[in-house]
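Trainee: Before we talk about strands, could you show me the structure and walk me through how its sheets are put together?

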Amino acid sequence: MSGLQTEEVLAGMAQELADAARTGVPVPLLSKRFRGLTLADAYRIQRINLDKQVSAGARIAGHKIGLTSAAMQEQMGIDEPDSGVFLTSMVAVSGARLRWADFMSPRIETEIAFRLRRDLTEPSDLGTVRSAVGEVFLAFEVLDTMFADWNITLVDSIAANAACAGVITGSPVPFDPAWDLAAEQIRAQADGEDVATGQGRDILGDPLQALTWLTHRLPVMGTTLRAGDIVLAGSVHASLPLTPGTHFRAISTRLPSVDLRIV
C-alpha cells in the first residue's frame, strides 16, 4: 500500500484536522481538494496526528473498526471497512454523561466490543483471533466529523481517525470461544423507545471476522494489536444523530446493557 502525496503535504492535512478538532471549525473535504488522495495517504494522515498525541503523553486504549455492516456501508456509499484508534481519554463507562456542545455534528452507533487477552502481532485466521479474545461487551461509539457535514468519502473518514470521537463501554463478560456472537440480538433505544435494531451477523457476518480483518490491516500500517487493547468490531445499525437531552441505551441477548446520557 503506497501513497501519492508527499510527507509535507500529508502533515499539512493532518494539522488542518487537528486544528478543526481543537477549535470546532470544520475544514473543507480533503477528497475534493486532493483528488489523488489514496487510502495509504489517509491512514498516514491519521497516524501523524496519533503520533503527535502519543508524544504529548496520550495513551492508546484500542482500535475501532468502522463501516462493517451493510447498513453503514450503504449510508456511507462505500464497500469496505476502515479503522481508527482511540485514546484512554476518549473512553468512559456505561452511565456516562456527555456534553453535546463538546462535539461538532455527533452521531452514535451500537457496537460489539472485545478486550484482548493476548497480543495479535501478525495477520491471523478466525481461530487464532477467537482464542485471543478475553472479554466481550456492548459499547457505544460516538462519531463526529471535522468537515462541514457527513457527505464524506472513505479517505476523508480515515484521515479523520475514522470519525471516532468517544467510546462508552458496557460491563465486560468473559468470552467463551464457543459463543456464537453472530446470533446476538441488539436493540438501541432513545428515551425508552426502540430506534434501531441489529444482530451480530450484521458485522461482516460475525464480529470476530472484523477483528480478523484488523489483524491484516494494522501490520500494513506498522502497528499491531496488544493484550489489553479494546477493539470495537463495528456498528450493528446505521449511525443515529446524537441529540441533547437524550438517554441512549443498548440491550443485547446476553451482554449487559450500556447507557449514555447527552446533556
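Predicted model: local features only at pLDDT ≥ 70, side-chain atom pairs only at ≥ 80, totals over all residues.

Trainee: Which strands are the edge strands of the open sheet of five strands?
Mentor: Strands here are DSSP runs of E with at least two residues, numbered from the N terminus, and two of them pair if DSSP finds at least two bridges between them. The order in this open sheet is 4-14-13-9-10, with mixed pairing. An edge strand pairs on one side only, which holds for strand 4 (96-98) and strand 10 (193-199).

Trainee: Which residue of strand 14 stands opposite His 247?
Mentor: Strand 13 (residues 247-252) runs antiparallel to strand 14 (residues 258-262), and the two pair over four bridges. Within strand 14, the residue opposite His 247 is Arg 261.

Trainee: Why is strand 11 largely enclosed by the rest of the structure?
Mentor: Strand 11 pairs in the parallel sense with strand 1 (residues 60-66) over three bridges, and in the antiparallel sense with strand 5 (residues 107-116) over four bridges. Buried means under 20% relative accessible area, with a 1.4 Å probe and protein chains only. Strand 11 (residues 230-235) is largely enclosed because its buried residues number six of the six.

Conventions:
Residues numbered from 1 in each chain as written. Heavy atoms only, no water. Buried < 20%, exposed > 50% of the residue type's maximum accessible area, 1.4 Å probe, protein only.
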